[in-house]
Amino acid sequence: MTHAMLKGSNVPLEATTVRAVLRWTPGQGVPDVDASALLLGPDGRVRSDEDFVFYNQPRHPSGKVWRLGKKRVAEGPTDTIQTDLAGVEPDVGQILLVASAEDTTFDRVPGLRILLYDAAADGEPLAYFDIKPETGKETALICGELYRRGETWKFRALGEGYSNGLKGLATDFGISVDESEAPELSHPLPPEQPTAAVPSQPAYGYPQPAPATAEAPGGYGYPPPVTMPASQDFRLPPQGPQFIGR
């Protein structure tokens, strides 16, 4: 049975590997949306930069959390994060599932939904949550979280927003990045082909390995974070307005 979730609600997970799919409605002026994940340690912060899984760093070193990438399906474009819950390191208690949209606010992203599937089985989603930003001015959203309760995992629907984008969200959880460059954040879908057929991305699987990143411990109780050099591919936009209502 598929659970239709409300903000703040949670559901226990029996699946050992889950696929979190972000989906939205395309249209003129609708920005591209990127999915990412942050693995949080006992203090609620990342243990190093490598705990941030996103399009430029698509696979966690543990091999247990990875970005499958974007696809076009009949219901709309998608971006996906997959997690092997049974193999996640014991000191990781939360995995945040995040949506970002460059510098574009989420009031311009209609039909945003996160769907959770059992990756080992075909069929209907285990749960879904229709995400409605509180102000509409958010440029990054924590859509939901996977979190431990004893020996089991649960999923909680959140929809909490940041007005300073993925960078503001990431730094709030202990990531430190070099702002000497101002790169593009979005990793867009391939362009539509002028035919009746809809192009599709390769089948789900592991993406190509990303360039290595600095292992910069950060967070309370850890040594000060090390700023990553501009030559690496860990890129986020400059600091924006303050965080909205976490």
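The buried residues of H1 pack against E4, strand E5 (52-53), E8, E11 and E12, where contact means heavy atoms within 4.5 Å. Helices (H or I, at least four residues) and strands (E, at least two) are DSSP runs, numbered from the N terminus. Buried means under 20% relative accessible area, exposed means over 50%, and partly exposed lies in between (1.4 Å probe, protein chains only). The model is predicted, so local features need pLDDT of at least 70, side-chain atom pairs count only at pLDDT 80 or more, and totals for chains, interfaces and linings use all residues. Residues are numbered from 1 along each chain as its sequence is written, and side-chain values use heavy atoms, with hydrogens and water left out.

**Helix H1**

- Helix H1 spans residues 165-172 and is mostly covered, with six of its eight residues buried.
- Those buried residues are Gly165, Leu166, Lys167, Gly168, Leu169 and Ala170.
- After H1 comes Gly174, which has a positive phi near 105 degrees.

**Overall architecture**

- The protein contains one helix and 12 strands.
- Along the sequence, the elements follow the pattern β-β-β-β-β-β-β-β-β-β-β-β-α.
- Of the 246 residues in the protein, 50% are buried.
- Among contacts with a separation of 6 or more, 72% join residues 24 or more positions apart.

**Confidence in the model**

- The mean pLDDT of the protein is 80, and 72% of its residues reach 70 or more; pLDDT is the predictor's confidence in each residue, from 0 to 100.
- Over residues 191-234 the pLDDT stays under 50, and the model has 84 contacts beyond four places in sequence for this stretch.
- Residues 237-246 also have pLDDT below 50, with 28 contacts in the model beyond near neighbours in sequence.

**Nonpolar cores**

- The largest nonpolar core has 36 residues, and those with the most contacts inside it are Leu22, Ile95, Leu97, Ile114, Leu146 and Phe155. A nonpolar core is a set of buried Ala, Val, Leu, Ile, Met, Phe, Trp, Tyr and Cys residues joined through side-chain atoms within 4.5 Å.
- Elements giving two or more residues to this core include strand E2 (10-13), strand E3 (17-23), strand E8 (94-100), strand E11 (140-149) and strand E12 (152-162).
- A second, separate core of 17 residues includes Leu38, Leu40, Val98 and Ala140.
- In soluble globular proteins, nonpolar side chains tend to be buried together.

**Cys143 in strand E11**

- Cys143 lies in strand E11 and is buried, with a relative accessible area of 0%.
- The C-alpha atoms of Cys143 and Leu96 are 7.8 Å apart, although the two residues are 47 apart in sequence.

**Aromatic cluster**

- The structure holds two aromatic pairs; rings of Phe, Tyr and Trp (its six-membered ring) pair if their centres lie within 6.5 Å, with planes under 30 degrees apart counted as stacked, over 60 as edge-to-face and the rest as tilted.
- Phe52 and Phe54 form a stacked pair, at 4.8 Å centre to centre and 10 degrees between the planes.
- The pair of Phe54 and Tyr55 is edge-to-face, because the ring centres are 5.7 Å apart and the planes stand at 70 degrees.
- Ring pairs link Phe52, Phe54 and Tyr55 into a cluster; both Phe52 and Phe54 are buried, and Tyr55 is buried too.

**Two loop residues**

- Thr25 sits in the loop between E3 and E4 and is partly exposed, with a relative accessible area of 35%.
- Thr25 and Gly111 are 86 residues apart in sequence and 5.2 Å apart in space, C-alpha to C-alpha.
- Thr105 is placed in the loop between E8 and E9.
- The side chains of Thr105 and Asp107 are joined by a polar contact of 2.5 Å, a polar contact being a pair of N or O atoms within 3.5 Å; within protein, one must be able to donate a hydrogen and the other to accept it, and residues adjacent in sequence count only if both atoms are side-chain atoms.
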